Amino acid sequence: MKTNEIMKLLYEVQHPAKNDRNIVELGMVDKVEADGNKVTVTLAFPKHRDPLAEYLIGSTRAVLTRHTPGTEIDVRTVIKEDTKKKPVGLDLGLEELDNVKYIIGVASGKGGVGKSTVAVNLAVALARLGYRTGLADADVYGPSVPKMTGTEGEMPEAYREGEKEIIMPLEKYGVKWMSIGYFAKPEQALIWRGPMACNALKQMILQVRWGELDFLLIDMPPGTGDIHISLVHDIPLTGAVIVSTPQDVALADVEKGVNMFRNSGINKPILGLIENMSWFTPAELPENRYYIFGKDGGAKMAEKYGIPLLGQIPIVQGIREAGDDGEPAALSSRPDGEAFVLLAEKVAEAAARL
Ligand SMILES: Nc1ncnc2c1ncn2[C@@H]1O[C@H](COP(=O)(O)OP(=O)(O)O)[C@@H](O)[C@H]1O
Ligand SMILES: [Mg+2]
């Protein structure tokens, strides 16, 4: 049993006096140790004789026993004066972004248009072009970076530096990756309420030691809701790219996405539109293009809003398979891989123009 797996289980331990928020979210898990067949969890309490300490020790033990039968469970406590004052995710400074040149939000009006596929492949392609690149998966409701990069089940290192908790990004394919998916169980994120999702998301960006980067891409949650407003408010985005399919319905959603960034309170430049699933090319007929979602919808939309069309990515079986296998298509020299490299060049040009 790895410590990150244990951490994920601890999300199930709710604090009855804190609106049933869980002990991880409340910052009460001080330490998790796994040694052979033994698991030791240390819970931090703000004061001695906390009336709920026994209860929480009991539920922690119960949750771990239920999920890890046969393991020896030891739950300890430690007194930490400041745990109460410091719920996770508040008061985060921007210093970890100090050496990041461009912070680009990857947004879409709706889900399922291939936003994450584009974000992951764009990151890999930028790295292939020699740019120092990171990607923060801010889609708290459907993190897909772990699967698409074959880093599922890995646990980023975290440590304390003075008052601050620092998380190290994972590195693979020349890119620094961070995702809420490394910390939460897939079904967990879905039930998060607004403020909790916002906090988790800010941590995934502001507590991460990105170091020196040319590009930090942020895979934003689909849609244009509160989380976005909060995100674009708190993270100093340089600009955004919008991913869409050529379909009319998707384009109507693009309009919302564009308006969100252009809203006077936000006012972030849009680098351009990326049209995904532009046409279908079967592997056995590589010269053929079938415009199954309509032709040139992206180009028309880009024109309407006065933003450049940065690239068109075809529907290719290999792109989906590569995503499922955790080896992004952009690593390959096949035409679909090259399409992402071309796109990366355009994105870099557009960023440099800002
Ligand atoms: N250009 C493409 N060609 C083939 N499959 C694609 C392409 N873009 C996305 N997909 C597939 O479509 C599905 C949804 O993509 P995803 O990137 O998760 O969308 P989103 O992040 O917008 O919800 C995934 O199974 C992905 O592999
Ligand atoms: Mg996604």
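Here are a few worked exercises on this predicted model.

Ground rules: residues count from 1 along each chain as its sequence is written, chains are lettered from A, and ligands are numbered from 1 in the order in which they are written. Since we're on a predicted model, local features need pLDDT of at least 70 and side-chain atom pairs count only at pLDDT 80 or more, while totals for chains, interfaces and linings use all residues.

**Exercise 1: the shell of ligand 1**

Find which residues come nearest to ligand 1 and which elements supply the shell.

Step 1. Use the cut-off: a residue is near a molecule or strand if its C-beta atom, placed from the backbone, lies within 6 Å of it. There are 18 residues around ligand 1, and Gly114, Lys115, Ser116, Thr117 and Arg320 come nearest.
Step 2. Two or more residues each come from helix 3 (115-128), strand 12 (270-280), strand 13 (309-315) and helix 10 (317-325). Helices (H or I, at least four residues) and strands (E, at least two) are DSSP runs, numbered from the N terminus.
Step 3. Sorted by type, the shell has seven nonpolar, nine polar and two charged residues.

**Exercise 2: two strand pairs**

Describe how strand 2 joins strand 3, and how strand 6 joins strand 7.

Step 1. Strands pair if DSSP finds at least two bridges between them. Strand 2 (residues 38-45) and strand 3 run parallel, with eight bridges, and Val41 sits opposite Val75 in strand 3.
Step 2. From strand 2 the chain goes through helix 2 (residues 53-67) to strand 3, in a right-handed β-α-β crossover. Right-handed here means that, with the strands pointing away from the viewer, the path from the first strand over the helix to the second runs clockwise.
Step 3. Strand 6 (residues 158-161) pairs with strand 7 (residues 164-167) in the antiparallel sense over four bridges, with Arg160 opposite Glu165 in strand 7.
Step 4. These two strands make a hairpin with two residues between them, and Gly162 in the turn has a positive phi of about 65 degrees.

**Exercise 3: a look at Leu122**

Decide whether Leu122 is buried or exposed, and list what it touches.

Step 1. Buried takes 20 or more other C-beta atoms within 10 Å of the residue's own, exposed 12 or fewer, and partly exposed is in between, with C-beta atoms placed from the backbone.
Step 2. Leu122, in helix 3, is buried because 31 other C-beta atoms lie within 10 Å.
Step 3. Not counting residues up to four places away in sequence, Leu122 touches Leu217, Phe340, Leu343, Ala344 and Val347.
Step 4. Take Leu343: Leu122 and Leu343 are 221 residues apart in sequence, yet 7.2 Å apart in space, C-alpha to C-alpha.

Technical notes:
Nonpolar A, V, L, I, M, F, W, Y, C, P; charged D, E, K, R; others polar. Contact = placed C-beta atoms within 7 Å.
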